[in-house]
Amino acid sequence: MDEIEQLQRAIATLDAQRAALGDAVVDAALSPMREKLAALQAQTAAEQRKLVTVLFADLVGFTAMSEQMDPEDVREVVNAYFKCWTAAIDQYGGELEKFIGDAVMAVFGLSTAHEDDPERAIRAALAMEPLLEALNEKLQEERGIQLAMRVGIHTGPVVVSLLDERRATDFVVVGDSVNLASRLQSAAPIGAVMISHDTYRHVRGVFDVKSLEPIQVKGKREPIQVYLVQQAKPKAFRVMTRGVEGRETRMI
């Protein structure tokens, strides 16, 4: 934004010198400056800063397992796993950002922000568990293998950039929040859903969680407080950070 403002001031200053320099000189000097300004403004319009919840999931030990399988079989197994995740993410309004090898990254609150995006992300992860169990039953019967996963979830600011301004579905999400969600996934026990405190404070009272000792993650000076999600409570009682305690106050 500073560069845009500097260019705008420079253009205005140069344009004011037409009487002294002449139109031909000023126009020749302004042309590349205006082109650069237009490019910067287009880039700024295509980037947005948003508060979202990022979900990372990965298969545990699948690389070693896949070495004993044919490439076609590996692709078929991974595609079946991704299909399950896609269903769980879609069910709770998340958006699939990308598949990375055998890992999944999803974002909740990207195109449409909901007050309960952190809750939606966790529910998607919990919904994946029975889907994986069903898939494992089939894989055990057909191939004699079992898949295991772990999930990390974090809520925080990201920068969203459109890869193609004409297609709003082509996007990339970057930022420290993405990195932290990935780190949590790596630190989570096998079969567990690990969330950060920034996610937990949005869903207190909605899920049964187990508080763990703070963990040290790469890129962070201080240890990060984390929790393992055990299950959704039958009757959720949100602990709100605003309004009257015990009363849910919707954000308008």
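User: What do the words buried, exposed and partly exposed stand for?

Analyst: A residue is called buried under 20% relative accessible area, exposed over 50%, and partly exposed in between, with a 1.4 Å probe and protein chains only. The model is predicted, so local features need pLDDT of at least 70 and side-chain atom pairs count only at pLDDT 80 or more, whereas totals for chains, interfaces and linings use all residues. Residues are numbered from 1 along each chain as its sequence is written, and side-chain values use heavy atoms, with hydrogens and water left out. By the accessibility rule, Ser 196 is buried, with a relative accessible area of 1%.

User: Where is Ser 196 placed, and with which residues is Ser 196 in contact, leaving aside its neighbours within four places in sequence?

Analyst: Helices (H or I, at least four residues) and strands (E, at least two) are DSSP runs, numbered from the N terminus. Ser 196 belongs to strand β6, residues 193-196. Contact means heavy atoms within 4.5 Å. Apart from neighbours within four places in sequence, Ser 196 touches Ile 153, His 154, Thr 155, Leu 184, Gln 225 and Tyr 227.

User: What is a nonpolar core, and how many residues has the largest one?

Analyst: A nonpolar core is a set of buried Ala, Val, Leu, Ile, Met, Phe, Trp, Tyr and Cys residues joined through side-chain atoms within 4.5 Å. The largest has 40 residues, and those with the most contacts inside it include Leu 55, Trp 85, Val 151 and Ile 195. Helix α6 provides the largest share of this core, 10 residues. A second, separate core of 11 residues includes Val 52, Val 54, Met 105 and Val 160.

User: How many salt bridges are counted, and which residue pairs with Asp 176?

Analyst: Side chains of opposite charge can pair when their charged atoms come close. The rule asks for a side-chain nitrogen of Lys or Arg within 4 Å of a carboxyl oxygen of Asp or Glu. The count comes to 10 salt bridges. In one of them, Asp 176 meets Lys 220 at 2.6 Å, N to O. Asp 176 lies in α7 and Lys 220 in the loop between β7 (207-211) and β8, so the pair ties together parts 44 residues apart in sequence. Asp 176 is partly exposed at 41%, and Lys 220 is partly exposed at 27%.

User: How is an aromatic pair described, and how are Tyr 200 and Tyr 227 arranged?

Analyst: A pair of aromatic rings is described by the distance of the centres and the angle of the planes. Rings of Phe, Tyr and Trp (its six-membered ring) pair if their centres lie within 6.5 Å; planes under 30 degrees apart count as stacked, over 60 as edge-to-face and the rest as tilted. The structure holds 3 such pairs. Tyr 200 and Tyr 227 are stacked, at 4.1 Å centre to centre with 20° between the planes. Tyr 200 lies in helix α8 and Tyr 227 in strand β8, so this pair ties together parts 27 residues apart in sequence.
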